Amino acid sequence: MKVARLLLIGCALTASFAACAQYQWIDADGRHVFSDRAPPAGVPADKIVSQPRAGSVRAPAAPAAGDAATPAPATAEVAPRPAAETVDKTLEARKKQAEADQAAQEQAAQAREAAARADNCRRARNAKAALESGQRMARTNDKGEREVLDDTQRAAELKRVEQIIASDCR
């Protein structure tokens with residue numbers, strides 16, 4: 001009994017495939033069109049994407065010669081893709097946003113660089129004031145020992161500090 005039911009269901013499903021026969025073609029606007037009727041005569045054969053097998057669907061009846069009131073075949077068209085203008089506007093908006101982000105990053109980098117220059121300038125001016133004051137100055141050498149600057153070392157350090165002031169204090 002189960003085999004008979006399965007066989008009956010299988011035959012019903014096989015018969016329903018013929019009812020699902022669909023034509024698919026690309027119209028003059030480049031859109032895919034799906035229909036249960038054959039495409040219009042003006043559609044070239046290379047634009048027909050799929051069509052049912054010859055024995056599965058009846059050929060559509062030809063309209064009578066004087067029958068102008070015959071409606072056009074019903075076709076279900078796929079929703080058109082977004083217009084190129086919409087895509088262009090979206091891409092343009094993204095491009096502007098990316099440019100704005102990059103400009104903001106560049107401004108932030110310039111601000112950090114300006115802050116570092118200002119800090120270097122402030123430190124160099126303080127060092128110059130200390131060097132010009134005439135007080136004793138000491139620094140730590142490579143061995144970790146403290147050494148007092150003599151006049152030649154003080155002059156060399158003052159020259160270096162003045163170069164830093166010239167470059168960072170504009």
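This is a predicted model: local features need pLDDT of at least 70, side-chain atom pairs count only at pLDDT 80 or more; totals for chains, interfaces and linings use all residues.
Modeller: Residues are numbered from 1 along each chain as its sequence is written, and side-chain values use heavy atoms, with hydrogens and water left out.

Biologist: Thanks! What makes Cys121 and Cys169 a disulfide?

Modeller: A disulfide is a pair of cysteine sulfur atoms within 2.5 Å. The sulfur atoms of Cys121 and Cys169 are 1.6 Å apart, so the pair meets that cut-off. A search of the whole structure finds one disulfide.

Biologist: Why is the disulfide of Cys121 and Cys169 called right-handed?

Modeller: Because the torsion about its S-S bond is about 125°.

Biologist: And which parts does the pair tie together?

Modeller: Cys121 sits in helix H2 (residues 84–132), while Cys169 is in the segment after helix H3 (151–168), so the linked parts are 48 residues apart in sequence. Helices are DSSP runs of H or I with at least four residues, strands are runs of E with at least two, and both are numbered from the N terminus.

Biologist: Why is Arg154 called buried?

Modeller: Buried means under 20% relative accessible area, exposed means over 50%, and partly exposed is in between (1.4 Å probe, protein chains only). Arg154, in helix H3, has 14%, so it counts as buried.

Biologist: Why does Asn141 count as partly exposed, then?

Modeller: Its relative accessibility is 22%, so Asn141 falls in the in-between class. You will find Asn141 in the loop between strand E5 (138–140) and strand E6 (146–148).

Biologist: What makes Asn141 and Glu145 a polar contact?

Modeller: The term asks for a pair of N or O atoms within 3.5 Å; within protein, one must be able to donate a hydrogen and the other to accept it, and residues adjacent in sequence count only if both atoms are side-chain atoms. A polar atom of the Asn141 side chain lies 2.8 Å from the backbone nitrogen of Glu145, so the distance is within the cut-off.

Biologist: Which residues make up the largest nonpolar core?

Modeller: There are seven: Cys121, Ala124, Leu131, Leu149, Val161, Ile165 and Cys169. The term means buried Ala, Val, Leu, Ile, Met, Phe, Trp, Tyr and Cys residues joined through side-chain atoms within 4.5 Å. H2 gives the most to this core, with three residues.
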